[in-house]
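Colleague: Please walk me through this model. Start with the shell around a ligand, then move to the chain as a whole.

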Amino acid sequence: MTAAIIDGKGFAATLRERVAALVPAFEATAGRKPGLTVVIVGEDPASQVYVRSKGKATEAAGMVSTTHRLPDTTTQDDLLALVRQLNADPAVDGILVQLPLPKHLDESEVIATIDPDKDVDGFHVVNAGRLAVGQEGFVPCTPLGCIMLLEDRLGDLSGLNAVVVGRSNIVGKPMAQLLLAKSCTVTVAHSRTKDLPEVCRRADILVAAVGRPEMIKGNWIKPGATVIDVGINRVDNGEGGTKLVGDVDFASAAEVAGAITPVPGGVGPMTIAVLLRNTLVSAYRRENVALGKGAI
Ligand SMILES: NC(=O)C1=CN([C@@H]2O[C@H](COP(=O)(O)OP(=O)(O)OC[C@H]3O[C@@H](n4cnc5c(N)ncnc54)[C@H](OP(=O)(O)O)[C@@H]3O)[C@@H](O)[C@H]2O)C=CC1
Ligand SMILES: Nc1nc(=O)c2c([nH]1)NC[C@@H]1CN(c3ccc(C(=O)N[C@@H](CCC(=O)O)C(=O)O)cc3)C=[N+]21
């Protein structure tokens with residue numbers, strides 16, 4: 001069997017267009033555009049690239065993008081003061097503090113300081129709690145993007161066996177919560193899981209969010225399963241350069257799976273598109289402008 005390739009990049013482009021199409025109605029009512037502010041501390045080159053592409057995508061969708069670039073020497077107090085200032089700024093609908101932060105800064109305190117109703121990353125404990133109990137809030141962009149791809153491909157997910165490999169607060173755990181909310185039977189695997197290949201083989205839906213290049217092999221996959229590869233790993237390409245690979249060994253997995261996301265071009269582009277979607281939703285909610293259910 002050769003798996004269908006799930007075109008995350010194409011789906012993300014369509015989602016960005018749908019977001020952009022909903023901006024004018026907001027602007028007409030609120031008298032301003034939705035605004036996303038990104039805060040980046042330090043010079044990490046990969047983070048700089050992500051932040052630039054977020055800024056470009058935000059503007060392309062007709063929203064206001066603001067970026068605060070802070071030096072490595074920024075103190076915790078400086079960063080918290082900036083977050084509080086953004087919380088109080090009515091033109092800011094979404095706040096994203098790019099992670100990871102330099103080691104001397106306390107990420108959890110920074111996230112806890114963001115107004116949960118501007119937390120378009122969905123990382124605040126209030127939003128994690130809302131997701132856990134099924135209340136409206138913000139869902140982390142990467143897992144929400146994965147669910148969109150899964151529902152587009154499979155329709156109703158109820159009753160399917162889903163295995164999530166990875167239990168981080170930003171990907172694995174919210175992914176498991178979302179799959180549970182869609183009535184999947186969910187298993188969360190991690191570094192202490194016994195016989196991971198066997199656990200993976202039970203999955204109709206396999207989500208890999210591990211951070212280990214090409215760890216999940218084709219013979220760990222149930223024939224016909226849908227495989228979502230969240231991993232983004234930069235590795236040697238054997239010719240003196242680098243390339244991006246996922247957490248799934250794409251070549252062997254594609255021979256067994258029914259459908260699979262590629263890296264790049266799969267989940268990554270969805271993360272940014274959902275960030276724009278969350279920012280638009282935040283703007284509509286904050287200004288009490290009606291956004292029909294299921295509009296985005
Ligand atoms: N596409 C996108 O937009 C995004 C991609 N990513 C990528 O997704 C991947 C995961 O990210 P993130 O969740 O932040 O990573 P973390 O490092 O926070 O979490 C990794 C998880 O994988 C588990 N794990 C590690 N090694 C193994 C192993 N050998 N067997 C089983 N489980 C293992 C860990 O288990 P334990 O808890 O026991 O330590 C942990 O729960 C990374 O490649 C990252 O770059 C992340 C965010 C967005
Ligand atoms: N507060 C915060 N929120 C985040 O959402 C966040 C973060 N910090 N820190 C870093 C991770 C990682 N992340 C990605 C976004 C887009 C791609 C993406 O677009 N990837 C392209 C390839 C990009 C390339 O070529 O380098 C793809 O997979 O096709 C990947 C990864 C968001 N993150």
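**Ligand shells and overall fold**

Modeller: The shell around ligand 2 draws at least three residues from each of domain 1 (30-115) and domain 2 (141-268). Those domain bounds come from an automatic or database domain assignment. This is a predicted model: local features need pLDDT of at least 70, side-chain atom pairs count only at pLDDT 80 or more, and totals for chains, interfaces and linings use all residues. Residues are numbered from 1 along each chain as written, while chains are lettered from A and ligands numbered from 1 in the order written.

Colleague: Which element gives the largest share of the shell around ligand 2?

Modeller: A residue is near a molecule if its C-beta atom, placed from the backbone, lies within 6 Å of it. By that rule, 17 residues surround ligand 2, with L99, P264, G265, G268 and T271 among the closest. Helix 3 (45-60), strand 4 (94-97) and helix 11 (267-286) each give two or more; helices (H or I, at least four residues) and strands (E, at least two) are DSSP runs, numbered from the N terminus. The largest share, four residues, comes from helix 11.

Colleague: How many residues of the shell around ligand 1 are charged?

Modeller: Ligand 1 has 26 residues around it, and G166, S168, S191, G211 and T271 come nearest. Ala, Val, Leu, Ile, Met, Phe, Trp, Tyr, Cys and Pro count as nonpolar, Asp, Glu, Lys and Arg as charged, and the others, Gly among them, as polar. This shell has ten nonpolar and twelve polar residues, and the charged ones number four.

Colleague: What separates the centres of domain 1 and domain 2?

Modeller: The chain is divided into domain 1 (30-115) and domain 2 (141-268). Their centres are taken over C-alpha atoms, and the separation is 28 Å.

Colleague: What is the radius of gyration of the chain?

Modeller: The chain has eleven helices and eleven strands. The radius is taken over C-alpha atoms, and the globule rule is 2.2 Å times the number of residues to the power 0.38. For 296 residues the rule gives 19 Å, and the chain comes close to that, so it is as compact as a globular protein of that length, with a radius of gyration of 19 Å.

Colleague: What pLDDT does the chain average?

Modeller: pLDDT is the predictor's confidence in each residue, from 0 to 100. Here 100% of the residues score at least 70, and the average is 97.
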